[in-house]
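Subject: Structure handover

Hi,

Here is the structure for you to look over. Please open it alongside the notes below.

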Amino acid sequence: MSPGGLVGLTATEVAERVADGRVNSATDASSRSLGSIVRANVFTLFNLILSIGMVLILVSGDWQDAMFGIVLLANTLIGIVSEYRAKRTLDRLAILHATGAVALRDGESVSVPIGDIVQDDIVLLSTGDQVPADAVVLDAVGLEVDESLLTGESEEIVKKAGDEVLSGSAVVAGTGVVRVARVGPEGYANRLTAAARRYSLVTSELRTGINKVLVAVSWIIVPVTVLLFWSQLHSQGGLTQAIADGTWRRAVVFAVAGVVGMIPEGLVLLTSINFALAAAILAKARVLVQELPAVEILARVDVLCVDKTGTITDGTVVLEAIDELGDDAAVRPALAAFAADPQANATVAALHSGLAEVVPAVVDGQVPFSSARKWSAIATGSGTWVLGAPEVLLAGRDDAAASSALDQVESRASAGLRVLVLAAAPSGLPGTDRPLPADLAPAALAVLRERVRPDAEHTLAYFREQGVRVKVISGDNARTVGAIARVVRLDGDAAVRGVDARNLPSGADEESLDALAAALREDSAFGRVSPEQKRSIVKALQRDGHTVAMTGDGVNDALALKDADLGIAMGSAAGATKAVARLVLLDNRFATLPDVVAQGRRVIANMERVSNLFLTKTTYAALLAIVVVVLAWPYPFLPRHLTLVGSLTIGIPAFVLALAPNPRRYVPGFLTRVLWFAVPAGVVSAAAVLAVYAPLHAAGDEGQARTAATLVLLVIGLWVVGILARPLNAWRLALVASLAGAAALAFAIPLVREFLALEIPTPATALSVVVAGSVGCLLVEVVHRAGARRTRAAVD
């Protein structure tokens, strides 16, 4: 039935507006377009440099030395395909679980995707909805909206007929009928970069660290390239001589070899693939990742704030009993009227099971429930009634009736039960802009029980073992919260008490936040937490040096989720809440979070491993380039040699190790640890190469010199792979062995050896390779063990 006799737009009118472009087109911020994925993987600085190098090789050298172009193409294609497959997976989930709106069309209420709302649509709003487009209120029943996601002001605003509601604001109480006035880019939310639905990057330590390295390499590579080309010309007899006899072509080949060695071309690729793979794996576990680096954040989180309802409990509320405090016959019809309200929340709606035979009182007026107020009210023929939290309705009361009711509430709450108070209001419907009257007369207690999730205790134990402290912050009675926390052993064997958040320090100044942080260190379960307090708790924990994740499902959780380092929404959450969350648990299962932690840890730990490989290569390539520039030597390698070494000691093992399981707990200081290993290992590798190359080059035997340099680099590189693959199990041993076997075959098969321009080493060359390789491996092992000791000291 249409509200107020409204019909809404007809199908023809909708089609006309779509054709005119008056549609609320929305961009899915959780997923990049195919075009942007292709551009991100193709048009990079390193791809440009390598492409230029490949063209120069093809023009001036042997095509065999352009093999790195095949690796470049493969890397690019793998990156595009992997990210696109992850995008399709995320897009399918996003479509299935997209937030929609209820619009009136052809006289019928229909669910419409937000992007399909058109100008002049009649939209029906109810509690928990996010306003899809700027609109004018036609009718309202206790309609209150929270525009804090847009304006930063947390006050709830009452809206009446004729008022404007803004896109991106959230309905926190009541219902309304609105007509859409502005759509798409003209909407208020779309004109604000800080709007809740806008895409914003999470802080990724992994990407930040890698980007710092890439910036440094980018600054170094251009001048080194110029100097390297100059030195290679000089080694060929100078510019005039090189041009005269055509040896400039060899100078180009050697210069390109040095540049190719310095570029960590697969590092960005593997980072993107890792994030995309993690998102795809989590999608199969019904977790929607709205921003790829978010999987890393939970691995770094050390405090997780959760609501009791929907997280520790499954959100199912069952009526345990109705304790009448007198003999007023109007009590049960009044409770039945609250339960019959279509906009009743799950707690109030649960009253219906015990009142199925009771005829609800006729409601003449009402004040809808608000999570900030924690009460609702109705006016009936038998009087006015207020239903809500006992501590709010009876706050500051010490009269006999109030004291008796509060004593009973205390007894029930200490057993983990949730209690609502029904009170008669002799002075009529309370106002929302002033305190409740002091003459409320408690008439009944509605006692409800929540069902604890069977996997809650196990999940909390997992986080406890992983060093993550879980804080339960709930709007329910503090004793109830504490009782539930004890049932699931929130702090293990330690005693848990429920703290009333109304007694916590308040205020947004630094002193208040510090005092709040001190209180949060002492306790883990908090009740009667207001929406604004949730934000303060998150900020206080962050100020105390913690990385904070928060789960939520109610519209009142949206701001705290946005403030947290990682916001996690339940699949059943209000649209406003899901809009600001980085992760959405589509199946509403708290037990899914350990899987997210595991993926985050796999990404961070594995990318640390492969970063060591790539930056070791960059270090030794840069050092070799500098040495040959200073000494005006030919570069020790042809590009094809570095393609062989890079594939067997970096590219292939990096790809395998990056995607393998890795349960290592997060340890801060990713970039520092990588540099402590990669730089010394690169120096050792460069020194070993020069040790075998220099005497053979001085003797004029360039073929043996390059063969020795390639062999030494393979030996030390494979040792580095073995170190980073530890602990060595069957498949990791097989990986290292197969790489070593492939290197041996490259020398053993004449056709391959000739293709790679390598030679069988002479006994003297082989001896120098064994000595330099052994010393190099020993020094790299010392570097690794020293780094491992530093990491253990940092953890302890």
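This is a predicted model: local features need pLDDT of at least 70, side-chain atom pairs count only at pLDDT 80 or more; totals for chains, interfaces and linings use all residues.

**Salt bridges**

The count comes to 31 salt bridges.

Start with Glu-320 and Arg-449. They form a salt bridge, with the closest N and O atoms 2.9 Å apart. The pair links distant parts of the chain. Glu-320 sits in strand S10 (residues 313–324), while Arg-449 sits in strand S15 (residues 441–452). The separation is 129 residues. What about exposure? Glu-320 has 39% relative accessibility, so it counts as partly exposed. Arg-449 is also partly exposed, at 37%.

Next, Glu-324 and Arg-332. Their side chains meet in a salt bridge at 2.8 Å, N to O. Glu-324 is partly exposed, with 32% relative accessibility. Arg-332 is partly exposed too, at 29%.

Arg-543 is partly exposed, with a relative accessible area of 40%. Glu-510 is exposed: its value is 54%, and the cut-off for exposed is over 50%.

There is also a network of salt bridges. It links Lys-308, Arg-418, Glu-450 and Asp-476.

**Helix H24**

Helix H24 covers residues 670–698, which is 29 residues. From first C-alpha to last it reaches 41 Å. That is close to the 42 Å expected at 1.5 Å a residue. Gly-700 follows H24 and has a positive phi, near 85°.

Which strand is largely enclosed by the rest of the structure? Strand S13 (residues 383–388) is, because five of its six residues are buried.

S13 pairs with strand S12 (residues 375–380). The two run antiparallel and are joined by six bridges. Ala-379 has Thr-384 in S13 as its bridge partner. S12 and S13 form a hairpin, with two residues between them.

S13 also pairs with strand S14 (residues 418–424). This pairing is antiparallel as well, over four bridges. Here the bridge partner of Leu-387 is Leu-422 in S14.

Best wishes

Key. Residues are numbered from 1 along each chain as its sequence is written. Side-chain values use heavy atoms; hydrogens and water are left out. A salt bridge is a side-chain nitrogen of Lys or Arg within 4 Å of a carboxyl oxygen of Asp or Glu. Buried means under 20% relative accessible area, exposed over 50%, partly exposed in between (1.4 Å probe, protein chains only). The expected span of a helix is 1.5 Å times one less than its number of residues. Two strands pair if DSSP finds at least two bridges between them.
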